[in-house]
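Keep the viewer open while you read.

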Amino acid sequence: MSLTLELMNWVLDMVLQIIRELLGKVTMSSEPVNVNEFKALAERALPKMYFEFYAGGAEDEHTLKANEEAYQRITIRPRVLVDVSRIDMSTRMLGYSISSPIMVAPSGLHKLANPEGELATARAAAASNTIMILSFGSSYSVEEVAASCNAVRFFQLYVYKQRHVAANLVERAERSGYKAIVLTVDCPRMGRREADIKNRMIVSKQKNVEGLVSTEVDAIFSFFFSLFSYTTEVSHINGQDVAWLKSITKLPILLKGIITHEDARIAVEVGAAGVIVSNHGGRQLDYSPATINVVEEVVHAVKGKIPVIVDGGVRRGTDVFKALALGAQAVLVGRPILYGLAAKGEHGVKQVIQMLKEELELAMALAGCTSLKDITRSHVRTERDRCQSML
């Protein structure tokens, strides 16, 4: 009897041990260890329509893929005979201190990922001591996001034919404590995002433009098409638009969507406070170059007069390192933030930022850089470098 009872207890212990191991494996497999793994978690968490809205790009999605792949073709040249016992990743952007050169890119409709939407993203950015750029297409209003937490944040804007719309948004952003305006300049028309067309993408009314423009459209970019068809400039943003914007606000203005030296020089001439090298995450003109491939062109054009920020394709701390080595002062992270928000809410956004910071710190240590100013052009080797070395 006692032997049978002991045997049963032993079997029960073994079964419980197997169950614990299986549960442990499930927990481990569902816990992301890098930023890339949040994408799969987000895909499982979101309706297909919403996931493809976040993840998709224009037409063949060549530029979308190139943004990430281009980083992988840049190698790092480490220095090793350096004391790296202390690493300092802190920096300043337009005079504001941030814990690292990793900032939150403007992206719309965070509420599709999580009910807390941009409120959760803003709190996570604040907790990470970095700057969030709030999209004009946010699910929550300029005022609601500002009230969610005390932090430095910028506001992203489009200039409309009906300029009272932009003027209203700028005035509200300034009154709510936003520290800069990020003017997107690469959207004279919307790029063709075929996944959204197939899905007949439908979204709710937008808080920031309620009462200013009509957003009543049945489907397919119900938000974006309604705004762009009724209100945006038909031609590209030019110096006169920037001059007008400067006349209605005291806030510094950064231009987002610059990928050529010609436009970078114009940005300096019209008094931009900074430029963001961006192809709109591969969502506008397909087959435009990967942003990391044109950073140096823009950096050389502005000649150190204004900061250069890079947007698009950043998925690793080593990507951040490479961007800084090529002359950028900071990077913007967009889709990974949305994936973190979809997978784990505010905590997921914090995790994404923290993972990138930890990877950057490790990359700096292994490359022999104790501060951001130590990261130089000599630390990376691009495809162009390799081609030139063969001549």
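Accessible areas here come from the Shrake-Rupley method with a 1.4 Å probe, and for residues only the protein chains shown count as cover. By that method the chain has an accessible surface of about 18200 Å², with 55% of it belonging to carbon and sulfur atoms. Before going further, keep in mind that this is a predicted model: local features need pLDDT of at least 70, side-chain atom pairs count only at pLDDT 80 or more, and totals for chains, interfaces and linings use all residues. Residues are numbered from 1 along each chain as its sequence is written, and side-chain values use heavy atoms, with hydrogens and water left out.

Now for the overall build. The chain has 15 helices and twelve strands; helices (H or I, at least four residues) and strands (E, at least two) are DSSP runs, numbered from the N terminus. Of its 391 residues, 53% count as buried, where buried means under 20% relative accessible area, exposed over 50%, and partly exposed in between (1.4 Å probe, protein chains only). A contact means heavy atoms within 4.5 Å. Among contacts with a separation of 6 or more, 73% are between residues 24 or more positions apart.

On to the inside. A nonpolar core is a set of buried Ala, Val, Leu, Ile, Met, Phe, Trp, Tyr and Cys residues joined through side-chain atoms within 4.5 Å. The largest one has 103 residues, and Phe155, Ile181, Leu183, Leu255 and Phe321 touch the most other members. Helix H14 (residues 335-367) is the top contributor to this core, giving 14 residues. There is also a second, separate core of 14 residues, which includes Ile98, Phe154, Ile276 and Leu332.

Strand S6 deserves a stop. All five of the five residues in S6 (residues 153-157) are buried, so the strand is largely enclosed by the rest of the structure. Both of its faces are covered, with Arg153, Phe155 and Leu157 on one side and Phe154 and Gln156 on the other. Leaving out residues up to four places away in sequence, Phe155 touches a list that includes Ile133, Phe136, Val142, Leu169, Ile181 and Asn208. S6 also pairs with S5 in the parallel sense over three bridges (two strands pair if DSSP finds at least two bridges between them). In one of the residue pairs, Ile133 has Phe154 of S6 as its bridge partner.

Helix H13 (residues 317-325) is another enclosed piece: eight of its nine residues are buried, so the rest of the structure largely surrounds it. Among those buried residues are Asp319, Phe321 and Lys322. Just after H13, Gly327 takes a positive phi of about 115°.

Glu61 has a phi near 60°, and sits in the loop between helix H3 (48-55) and helix H4 (62-72). Asn129 has a phi near 55°, in the loop between helix H5 (117-127) and strand S5 (132-134).

Last stop: where does UniProt place the feature "active site"? The unreviewed entry puts it at His280; such annotations may be inferred rather than shown by experiment, and UniProt positions are given in the numbering used here, with feature names shortened. His280 lies in the loop between strand S9 (274-277) and helix H12 (291-302). His280 counts as buried because its relative accessibility is 13%. Its contacts, not counting residues up to four places away in sequence, are Tyr158, Thr184, Asp186, Cys187, Arg193 and Lys256. The side chains of His280 and Asp186 are joined by a polar contact of 3.0 Å (a pair of N or O atoms within 3.5 Å; within protein, one must be able to donate a hydrogen and the other to accept it, and residues adjacent in sequence count only if both atoms are side-chain atoms).
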